[in-house]
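I would like to follow how its parts are arranged.

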Amino acid sequence: MGWTGLETDDRVSVLLVDDQDENLLALETVLAGPGLKLVKASSGIQALKCLLDEDFAVALLDVRMPDIDGFETAALMRERDRSRNTPIIFITALSTAETHVSRGYSLGAVDYIFKPIVPEVLRAKVQVFAELFRKTRQVERLNESLRQRTRELEAANRDLESFSYSVSHDLRAPLRAIAGFADIISRRYRDALSEEARHYFDNIVEASERMGQLIEDLLAYARLGRQALRRRRVSLYELIAQIAADLAPRLAETGGQVSLSPNLPTVHGDPTLLGEIFTNLIGNALTYSRPGVPPQVSVTCEVGLDWVTVQVRDNGIGIPPEHQERIFEVFQRLQSESSHPGTGIGLAIARKSAAMMDGRVWVQSVVGEGSTFSVTLPRHAREMILAAREGREPWTDRVASS
Amino acid sequence: MDGPRRILLVEDNRMDAELLLEAFGETLPGGEIHLAPDGQVALDCLLGNDALDDRVEPGLPELVLLDLKLPGVSGFEVLNRIKTTPGVKRLPVVVLTSSRERSDRALAYDLGANSFLVKPLTYAGFLETARAVQHYWLTLNVAPPEN
Ligand SMILES: Nc1ncnc2c1ncn2[C@@H]1O[C@H](COP(=O)(O)OP(=O)(O)O)[C@@H](O)[C@H]1O
Ligand SMILES: [Mg+2]
């Protein structure tokens, strides 16, 4: 707690209030040093004026003053927002201490100093408050810069979202023209083209379809952040059972099976976002299966006090450790477009959807054995209360399969 | 219904307009489709314009196909004028736009759009849209009385 090395900015103000000049001078002499800015007031009124335009680490109040005394000054300080929490040390003669102490504490006094003043005691007490004030101010500054940073990031994020939204939006019009007129040519004049020309032409059509898909997906991703979160009670069991039912044709095609754990809970979340997450995860679990091995997908969960983790486990090709983060980024994929068609946006959408509900998605995987994608969502007080009130949900074990 | 099946297409994008005209040409032979390249022209066609006093076509179309993003007078303004002007307010208006955004859909329906379609990405999609619009709005749908 030294006085040295402090920047002027770090100085804290201490208010000295006494009607006697010589007392003020004595306080000043004891406390003088580079860390403190001493502000003197010779009456309660003047003290209150000082408190209007400055924050003080502590106010030293003489109890006995003409007009309004120390206690009245303290009472008035407590009525004002700015000085409501300013620590007060009353300075009083030892002879009157007993009556003063109880009255002072009821006014929110933090401490007492008895006359005659012992310099070391005064200095030590004031230092404690000065240090506290300095620390509080530091925390406040940090908080403010953090808030500022958050505001900046949010603004940048919004800019980026509306940028990618309008870009992908505006890209669609020329693409419509390319694909549309190419299609008209291939419908009406295909026979007039040589085989070579037809081949090039088909390439144009194929590429424009692919670009259309990329733009649609990018748009879907950008749209995510632009819509307000709409939380509802969502039964994860019902939601995921429906997704599995919608995938029935693909399950039939692959001989695959999706099994759901009966204890999937009801959460308070955005049904659209939750749908995006599990549609993508379960869809991937079916897509990235091993050749000749029918996909087995199981959806299980762990429920904690204030969180729930849902695991989507498959027996597919697995993901090498070095790629397990990358696949969550936009357009990042590990398989070729010709072997496994896709655009690489699904997991980015899943991750962003989870983040919008303050949750997260991650993967554990062994190449050649399978992958487990986990989704952790916070459970909110409201939904926990509801769940408790309703008792266990009477789910039965159901298996969606081909 | 007798007479030509008339549609007013309000579309500023030349390529989209051409694709739509092609698609309607294929699916609605003998039909008549009139193009308004911006919102003002659309309003002039529908509500008349004292200054011009030469309406492009006499009489009202059976259906308006309306893009929302138009230079100058926006599609929403056109929609609002149609739906608040006696004599034309019952005219079915089908919005045909590239935007799927929630706010656009909400406003369009609030202003009285009769249907909201998103522009397809392929010519096959345009053909399907043209066929469906023609089938539903010009064949199945019973037109409102003229006042
Ligand atoms: N269950 C899975 N098993 C193995 N690899 C997966 C699985 N899910 C995703 N991947 C890998 O992550 C990539 C990105 O997935 P995703 O973002 O859904 O896009 P897409 O499926 O369109 O490629 C995939 O291309 C694939 O390589
Ligand atoms: Mg995918």
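Helix 5 of chain A and helix 5 of chain B are roughly perpendicular to each other (a term for angles of 65 to 115 degrees), because their axes cross at roughly 85 degrees and come within 8 Å. Axes here are lines fitted to C-alpha atoms, for helices over the stretch in contact, with angles from 0 to 180 degrees between N-to-C directions. The helix of chain A covers residues 119-188 and that of chain B residues 123-140; helices (H or I, at least four residues) and strands (E, at least two) are DSSP runs numbered from the N terminus. From chain A, the contact (heavy atoms within 4.5 Å) involves A:Arg176, A:Gly180, A:Asp183, A:Ile184, A:Arg187 and A:Arg188, and from chain B it involves B:Tyr123, B:Ala124, B:Phe126 and B:Leu127.

This is a predicted model, in which local features need pLDDT of at least 70, side-chain atom pairs count only at pLDDT 80 or more, and totals for chains, interfaces and linings use all residues. Residues are numbered from 1 along each chain as its sequence is written, chains are lettered from A and ligands numbered from 1 in the order in which they are written, and side-chain values use heavy atoms, leaving out hydrogens and water.

Ligand 1 is surrounded by 20 residues (a heavy atom within 4 Å), and A:Arg333, A:Gln335 and A:Leu347 are among the closest. Oxygen atoms of ligand 1 lie 2.8 Å from a side-chain N or O atom of A:Asn284 and 2.7 Å from one of A:Tyr288.

Most residues other than glycine have a negative phi, and most peptide bonds are trans. The bond from A:Lys115 to A:Pro116 is cis, with omega near -5 degrees. A:Asp67, not a glycine, has a positive phi of about 55 degrees, and sits in the loop between strand 3 (58-62) and helix 3 (70-79).

Key:
Parallel < 35°, antiparallel > 145°, perpendicular 65-115°, else oblique. Polar contact = N/O pair within 3.5 Å; in protein donor to acceptor, adjacent residues only side chain to side chain.
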